[in-house]
Structures are given as C-alpha cells and as structure tokens.
Amino acid sequence: MNSEVSELVRAESIAAPHSRRLRETRSPAWTLLYIVLFLVIVIQSGVVVNARPQDLLTGASGMADILARSFPPDFSQFWPQLWPAFETVDIAIFGTVVGVVIAFPLAILAARNTTPARFLYHGARALIAVCRSVPDLVWALLFVTAVGLGPFPGALAISVHSVGMLGRLLAEVIEDMDMGPIEALGTTGARRMQIFSHAVVPTVLPSLLGISLYRLDENIRSSLILGFVGAGGIGFQLLSAMNLFQYRTVSLLLIMMFVLVIGAERLSAALRKRIA
Amino acid sequence: MSEALIEADSLFMRYPTGRLALEGASLAVRPGEFAVVLGANGSGKSTLLRIVAGIIKPTEGIARIAGQEITRLTGRALADARMTVGMVFQHANLVKRRSVLANVLCGTLGRHRNFATALGVLPRQEIPHGMHCLANVGLQEFAAQRASTLSGGQAQRAAIARALAQRPRALLADEPVASLDPEATNQVMRLLRHVAANEGMAVLCVLHQPDLARRYADRIIGLRRGVVRFAASPEEITDQEIGTLYEDTARYEEAGR
C-alpha cells in the first residue's frame, strides 16, 4: 500500500506542470479552503483600517455642510489662482524635460544590447531603480528641506522620479529594438556614435516621444499633489484654502485641477496618436 | 588571372561551445566573379562569411579583402577595412522609419566621420551617389519613401544599394533571398550577378538553394563539415556532387555537439 501511495505522489508531481485539468478534478475541500482564506484576508483588512460604516452615516451631515459651504465656487478667485495653476503645469514640463534628458543616456547604459560595459549597466540600473522606488512625494519632502519652499523643489522631485520611470521604460524599448540595422551599419564601417545616431535614435524616437508625453500627463497629476508638502503650485493653494476654511476657493481649485488633468490627458493622447 | 579580392586561407573556427564549424576552409573570389557557397545547415557557410566580413575572428587562418588581412585588424583599422566589403543579410535590416535614400546614404558614413554625421546628419554631398546606387537597383522613384513602405524584395534591393553606396570592392551576401518570394528572389539574384559583372566586384553569396546557384553563379563552392569539397563552374559540377553536401549531415551535427 505504501508503494501505491508513493506511486500516486509521483504521478501527481509529473502531472503538475499541466495543472489546468487537475484543477477541475480538485476536491471541493480545497476550493472551500481558498474561499475561507480569501475572506480572512478581506476581513482582517477591514479590522486594520477601522472600517465603521456607521461613521459614514453620522458623517453625512458634516459632508453636506462642507458641500453647502463650498457652493457656489468663488470665481472671483480665478485670476489670482491662475498663476499657481500655471506654476503646476510648468513644474510638470520642467520635470519631464529634465527627466527625459537624463533618462535617455541612462537608458542606453541600462539596456543590455547598447551598454558599453557591464559595470555601467548595473550602475545605471541601480540608479534608475533608486529614482523610481522613492515616491515623488518623498523626493519633494527631501528637496523642500534642501532648497526651501516653492516650485523648484517640486520640479526637482518630478525630475528625479521621472528619471526612474522613464529610464526603465526606455531601456525596455531599446532592448526590444530590431538589432538588424545596427549590425548592418556596423559592417559598413560606421563608427559607434554614427550607428547610434543613425540607427538607434531613429528607431526608438517615436517610442521615446510617446512615453515622454505620457509621463508629462502623469507629472501634471503629481505636481498637483506636491504642493501639499510645500512644493508650490495649485496644490499648495488648495492646502492653504482648506486650512483657512475657504471652501468656496477649494471648490474652485478642484474645478481648475479637474480641467487641468483632463486637458493634459486629452492633449497627451492626441499628440501620441499623431506620432504613432 | 587577376588577383583575388576575397581570400580565405585554411580557416579554422571552434566556437566556445566546442563546436568545430570550419576545418581548414580556403577559397578565393576574383573581381567580377559571382561565387555561391552551398552547404547543409551547420556546414560552416555562415561562419565563413562572417569571418570574411570581419564580424568574428577565426580560431586559426587568414582572410583577406583586397589584400588586407581583415582577420588581424581591430578597432578603427577594422572599421576602415570593412568599408571595402559590403554585406547583405537575410533580412534587409533597413531603418524602417527613415527614407529609402537616407538608408542608402548610411552606407557612406564610414568615409564621412565628422561631428555632424556623428550627430545624425547625413552627408549631403553623397546624395547624387546615393541616387546612382538606387538607380542601379531600380528603386530611384522610391528614394523619398519611408523604408517601411517597401516590399520584401524592394527592401532587399535597397539594402544592396546601401552596400553599393559604401563603394566596396567586394560584396558578401548571407542567404539574401531566404525570406523572399520566387519573383523577388530572381530579381535579387540577377542584381547580384549584375553587380559582379558590371562593377567588377567580387561577390560571395551563401545560399541553400542549389538550383539558384546553378542558374546564377559563375562558380559554386561546396562546403561540407567545415571543408571546401569543390569549387568549380556550374557546368563542371554534377547534381550528385551537390547532393553529397547534404548527406549524413544529421549525424555530423550530433557528433559536433
């Protein structure tokens, strides 16, 4: 009987790679276990976040009060708030441009097929990973401490985070590139830099532009938030208005943010379509 | 008999995996001659071509292009030597987003090494030469089109024009018709023969279709197990001789691994 069991175990371990059929014949006890496990995970998350639905009900009147007090939006504030809005967009533009300028050469070092040396590859990968893994809000906190309040730390934070996001995507684009033209130019006697500018750049340029425009869109969203930690722009105005209980200014600012985000998204999508 | 433009002298090639691809292969191609290398998979024909092009170094032996030992050169000297030998691959390998003419002009980059061309500017003074090369392959009316709009056969002809724009003395082709339809295949083969005959170039082409070799080549070079078994004009070679190239290759491949 023992040998029979081991025979079964062996048969199962052989069949494991094609487990699709096995799953259908799996005993219901396992299915039940998975469902229970899932419920346990969901319930513990509710406990940990102190989810109390009754709070929503008792808070409803407070919510209604705030909504009433923020209506109608204070449009007289439109012109004074236009400059911070402009600042928000410019933080994103600056951050994206600086990000692309730094990320592109880094991506070339961080792509296996174009990197000139092993240690540069690993160095570039590590640098990109650090820039990416620290959220832009944290970068903004660090830069506010370093260079003081204002839009500049925000722009720096967006730049650094963009280097991380763009660097990885661009390195992937370069690694997926068709190497045929590069080999072909190599056999014509062209130099390394010529091969790069005449074969690599034209091949990856559309992807580079597309990814950068997408990043600009994302960065406008980010720069709205960065004001919360003192890094300038419309986010800073929103925070101040909240703290001063100027809810009609808050609602105006929310409308302006909405227009900015949707506008950036549409513009970026339209431009990307033209490139493709 | 004039001096050979492409020469390989007892080439040996052992890959890091231990596979012995060439075991003393020698050949010579004269100006104006269209030579075709035939051989089964694993016979070493692509290895031979890549050594002659200076892409890889042989374990032993010498390859010369127009008298220059390409197997000994490195760096800038190798890049200079490569200018004298044009190469065409199985795929056209064009930069698809650039115009056909821009792709052809890329062939001249080797002789225009300056700041502007390093930054992606094409040498304007080469435009007439580029157009001449395009006319040679019958594509002058496609000059301004994007390379991505060309058919497979047209793209391969544009790739030949790019190789010609280099002003090479020898042309190497690695299975240039392997992914083309029969009509495009015949156009490309005619073009390669034309280049050899009219431009006085030595053309060395690797093929796996014996019938094409018979129809177009001035000389057929039979490669088997890394050794040249015969090299003669198509009339002097029997079908049986060509057939021997493809015998017991499976067994050989196994032994080689």
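A nonpolar core is a set of buried Ala, Val, Leu, Ile, Met, Phe, Trp, Tyr and Cys residues joined through C-beta atoms within 7 Å; a residue is buried if 20 or more other C-beta atoms, placed from the backbone, lie within 10 Å of its own. The model toured here is predicted: local features need pLDDT of at least 70, side-chain atom pairs count only at pLDDT 80 or more, and totals for chains, interfaces and linings use all residues. Residues are numbered from 1 along each chain as its sequence is written, and chains are lettered from A in the order in which they are written.

**The core.** Select B:Ala158, B:Val203 and B:Leu204, the residues with the most contacts inside the largest nonpolar core, which has 134 residues. Helix H8 of chain A (residues 151–175) supplies the largest share of this core, 12 residues; helices are DSSP runs (H or I, at least four residues) numbered from the N terminus. Then centre on B:Ala158, whose contacts (C-beta atoms within 7 Å) include B:Ala92, B:Leu94, B:Val137 and B:Leu150, leaving aside residues up to four places away in sequence.

**H8 against H10 in chain A.** Display H8(A) with H10(A), whose axes come within 10 Å and cross at roughly 150°; axes are lines fitted to C-alpha atoms over the stretch in contact, and angles run from 0 to 180 degrees between N-to-C directions. H8(A) is therefore roughly antiparallel to H10(A), a term for angles over 145 degrees. By class, the contact has 12 nonpolar, seven polar and one charged residues; Ala, Val, Leu, Ile, Met, Phe, Trp, Tyr, Cys and Pro count as nonpolar, Asp, Glu, Lys and Arg as charged, and the others, Gly among them, as polar.

**H6 against H8 in chain A.** On the H6(A) side, select A:Ile128, A:Cys131 and A:Arg132; their partners in H8(A) include A:Val160, A:His161 and A:Met165. This contact comprises five nonpolar, three polar and two charged residues.

**The chain A–chain B contact.** Finally, show both chains: 19 residues from chain A meet 24 residues from chain B. On the chain A side, the elements giving two or more residues are H9 (180–187) and H10 (192–226), with the largest share, nine residues, coming from H10(A). That side divides into nine nonpolar, eight polar and two charged residues.

How values were computed: Buried ≥ 20, exposed ≤ 12 C-beta atoms within 10 Å, placed from the backbone. Contact = placed C-beta atoms within 7 Å. Parallel < 35°, antiparallel > 145°, perpendicular 65-115°, else oblique.
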